[in-house]
Amino acid sequence: MFKELKNNVKIVKKTIFIILNLVLISSVFANDDLQINQTDTLVVGDVGVISISSPSNNSGLVYTYGDTISLSCYIKSFSPNSESVNVLAEIKSDSSSVYLDNVFVGNFVPDTTMLIVFPIPWIPQNNCDNEVFEIEITITNTTSTDPNSSNNIISEFFTIYSFPQFTDILSTLGIGFQPSWDTQGACWGDINNDGWEDLYVVNSNANNQLYLNNGNGTFTSGTSEYGVGDNGNGWGAVFLDFDNDGWLDLYVLNAGTNTFYHNLSGTIAPTVQPKCVNIINNAGGTSGTSSSSRGISVNDFDNDGFVDFYIANEVADNYYYHNNGDSTFTELATSSGCQSNQFGHAVSTTDFNNDGFVDIYVGHDGGQGNILYQNNGNNTFSDVTNTWGVSIVGNTWDLDFFDYNNDANMDIFCASADFASGSYENILFENKQNYFDDVSFLTNVSNGFSQSWESATGDFDNDGWQDVWVVNIGSDMEFFYNKGASSSNVFKEVSQKINISSSDTSTKTVTWCDFDKDGDLDAFIGGLGKYFFYRNDNCSSNNYLQVRLEGSQSNKAATGTRLKLYTQNSVQIREIDGGSGRSQGSSVAHFGLRNETQIDSLVIEWHSGIHQVISGTNLTVNNEYQFNEESCNLNPILPSLIDFGDIPVGVIDTFTLVITVDSSLCDLFLYNISGEFPYTDLIKVDTTKLPIIISPNSQDSIDIYFENYFSGLMQTNLILNGNGYVGSIPLIANGVTDIPEKEILPQKFSLSQNHPNPFNPTTSINYELKSNEKGKLVIFNILGEEVKEFALTERKGTIVWDGTDNFGKSVSSGNYFYQLTTPNFSDTKKMTFLK
């Protein structure tokens, strides 16, 4: 029964059996009014429970502790006679009865369906954790013997949710605020390197403000000390370390000329003020002059170790500023093919297609369509908007790349508004690996029409799923709680349940940070005459992990670096935030873990190409860690020679290349394997396994194919390209014409590592047998129980497993083993199935 539970729900060993002895207080329906369990034959004494209306996960409601929950169900008489029934209600928790009642219902009309509403509601006691309960309803005929007991009991699981409660603590923080201020954006960053992230607030009608985090729950103004009180009609800002000196600089977007503050703290005496100077005219021109810049995103687009940035402008083409590495920038938007059009309002950057290069998605207003630019890897970009299905015309004011369903692909949330012409629905694009699918209505984030100015994504309750906070003009703020990717209506709007303002309709910016280092995300919100500082008072026992990074070969602040956290039940990805639109969140990667206590590994994908693996044995939940980029002296174990032997002309032969990584620190990331000239076209690889990632102290394999067109000896090298690694293996083959053309048989058995791994929804397993052997491939769970068996009827092939057992039922998430056996061979490997 627990297989039906949603992924996001913590299973608590409490079961509620509601055997409802309900009072009939309303509504008798004719048979045609409710088409449930209809039958052609009436049987004397047959009564049944048809369905549970409430509480039910299918009701569309979200139940929380302290709610008054109405209990209701449908019952039906399948009898030609009038019957009397008892419907008994009992609620149990840990075998202790907390609710019990018994009600008699007389004169149950023949062949009739009734809605029963239990008159006394149930109020679950306060709890800090989500809990799963089972409701069970039983009906008993007291008039005559019921000949059909199969419909007397019905049960269903439902969830009581515990949401984080937010408290506005602005008045206690020492943050100055004037009701006349119109706040447009904000960003978090540790400008003074004291280990606590500071807050910079951008106003359009007053001086911007820098608030220094004192580390004790209060802030002190640092605006004058750092000289960053810009008054250029501001729209947004980001922190960045453009010169890799270890001190965060600050770029400010304005309606007029933008401002670029260079932080000199590392080169001046501590007493010197101001600590920042405006270098906008020295760093590559008066960027932003009269362009009314509206959005900025910082990232390393060419992987050269220096951060670049892209700016969306309202009254000019957009800018792409490439960092020259000498404290100057060159504007390359036109020459790189990503200049876009006017009315730019938002920009967000990530490697959406996982090819190792950062791409750009630009949001527009004023009738201009959004544009997705794919990075070609040579500092040029291609417009792939239509190919990937993300064309939206004229209504995007903010963009966020995030992985809402934990499938290790970056999805897109679009906060939608049109300042001139009205409201639009928000949009969620799910990354399907070769296109984006609009799942807004399916996941319940569109939530009607609104003027959404900005959004922030993060796991605010540490349950392992990222939520979305949206601020609006003309309507209340919205908080979309993520129930988990396999849930129906994945997101639920719960702003009224988490104690955030329900009366403010003029909020423009939202950004998050665990400012007090208590393990949960807090939020700053600004707008027209409004500041809110919401402390997260999450009382759940959900676990978390936080990670700070510092680059060496990559940019110092690690901006844009991707982190993948692997546990037994999930894989989560985060990126060090370089800003999206007008605001920027914390530079500390935050992972919620729910009740998981064991971490398998953390993989850090640096811009340099290094994939650094931190073993779970070095990670303890509910802690913050800092990791510095470390070079990996990868020297994988490879065969000394690939010898295909004699190959008849016109025949394709296969060699299974086994690669072993003996490094205990880093994984090997191979993105290309090819043959050297002049035999490049003869050598192919199994591209379904590229890129191939091999963890420390482990091995994997990939099939190499040689398609022969020539006679005579052929000698070349197989070249392997990866993260900071280039390897080669000598390869020889002898083309012959005097041997009858026949299939080349393998000299040994092979069982490949499944790909992808972890996987959802399917994975492929390649195998190879000798011609005179038959075998089978069996999948086992961690208890050693057989889950599914495949008969191997071909000498060579691929098994595709879709996560179902021998009966076609979906299995639960977790680790599984697959074993290839023949009379003379056996091999076993491990894989991980995610939901």
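Trainee: Let's start with Phe 177: is it buried, partly exposed or exposed?

Mentor: Phe 177 is partly exposed, with a relative accessible area of 23%. Keep in mind that this is a predicted model.

Trainee: Okay. And how many aromatic pairs are there?

Mentor: The count comes to 53 aromatic pairs. Phe 177 takes part in one with Tyr 531, where the ring centres are 4.4 Å from each other and the planes make an angle of 35°, a tilted arrangement.

Trainee: Which parts of the chain does that pair tie together?

Mentor: Phe 177 is in the loop between strand 10 (166-168) and strand 11 (183-189), while Tyr 531 is in strand 38 (residues 530-536), so the pair connects parts 354 residues apart in sequence.

Trainee: Is Tyr 531 buried or exposed?

Mentor: Tyr 531 is buried, at a relative accessible area of 4%.

Trainee: Which residues are in the cluster that ring pairs link?

Mentor: You'll find Phe 177, Trp 181, Trp 188 and Phe 219 there, together with Phe 515, Phe 524, Tyr 531 and Phe 533.

Trainee: Let's switch to charges. How many salt bridges does the count come to?

Mentor: It comes to 14 salt bridges. In one of them, Lys 275 pairs with Glu 225, with 3.1 Å between the closest N and O atoms.

Trainee: Where do Lys 275 and Glu 225 lie?

Mentor: Lys 275 is in the loop between strand 17 (259-263) and strand 18 (276-278), and Glu 225 belongs to helix 1 (residues 223-226), so this pair ties together parts that are 50 residues apart in sequence.

Trainee: Are Lys 564 and Glu 605 buried or exposed?

Mentor: Both Lys 564 and Glu 605 are buried. Now look at the salt bridge between Glu 550 and Lys 556, with 3.1 Å from N to O. There, Glu 550 is partly exposed at 28% relative accessibility, and Lys 556 is partly exposed with a relative accessible area of 28%.

Trainee: What about Thr 559, where is that found?

Mentor: Thr 559 is in the loop between strand 39 (543-550) and strand 40. Thr 559 is buried, with a relative accessible area of 5%.

Trainee: Which residues does Thr 559 touch, leaving out those up to four places away in sequence?

Mentor: Its contacts are Val 298, Asn 299, Val 307, Ile 576, Asp 577, Gly 578 and His 607.

Trainee: New topic: how many residues does the largest nonpolar core have?

Mentor: The largest nonpolar core has 28 residues, and Leu 657, Ile 673, Ile 704, Phe 706 and Leu 718 have the most contacts inside it. Among the elements giving two or more residues to this core are strand 47 (652-661), strand 48 (668-675) and strand 51 (698-707). Strand 53 provides the largest share of the core, 4 residues.

Trainee: What is Ile 673 in contact with, leaving aside neighbours within four places in sequence?

Mentor: Ile 673 contacts Val 685, Leu 690, Ile 702, Ile 704, Leu 718, Ile 719 and Leu 720. There is also a second, separate core of 27 residues, which includes Tyr 65, Cys 73, Trp 122 and Ile 137.

Trainee: Last one, zooming out: how many helices and strands does the chain have?

Mentor: The secondary structure comes to 4 helices and 60 strands. Of the chain's 835 residues, 57% count as buried.

Technical notes: Residues are numbered from 1 along each chain as its sequence is written. This is a predicted model: local features need pLDDT of at least 70, side-chain atom pairs count only at pLDDT 80 or more; totals for chains, interfaces and linings use all residues. Side-chain values use heavy atoms; hydrogens and water are left out. Rings of Phe, Tyr and Trp (its six-membered ring) pair if their centres lie within 6.5 Å; planes under 30 degrees apart count as stacked, over 60 as edge-to-face and the rest as tilted. Buried means under 20% relative accessible area, exposed over 50%, partly exposed in between (1.4 Å probe, protein chains only). A nonpolar core is a set of buried Ala, Val, Leu, Ile, Met, Phe, Trp, Tyr and Cys residues joined through side-chain atoms within 4.5 Å. Contact means heavy atoms within 4.5 Å. A salt bridge is a side-chain nitrogen of Lys or Arg within 4 Å of a carboxyl oxygen of Asp or Glu.
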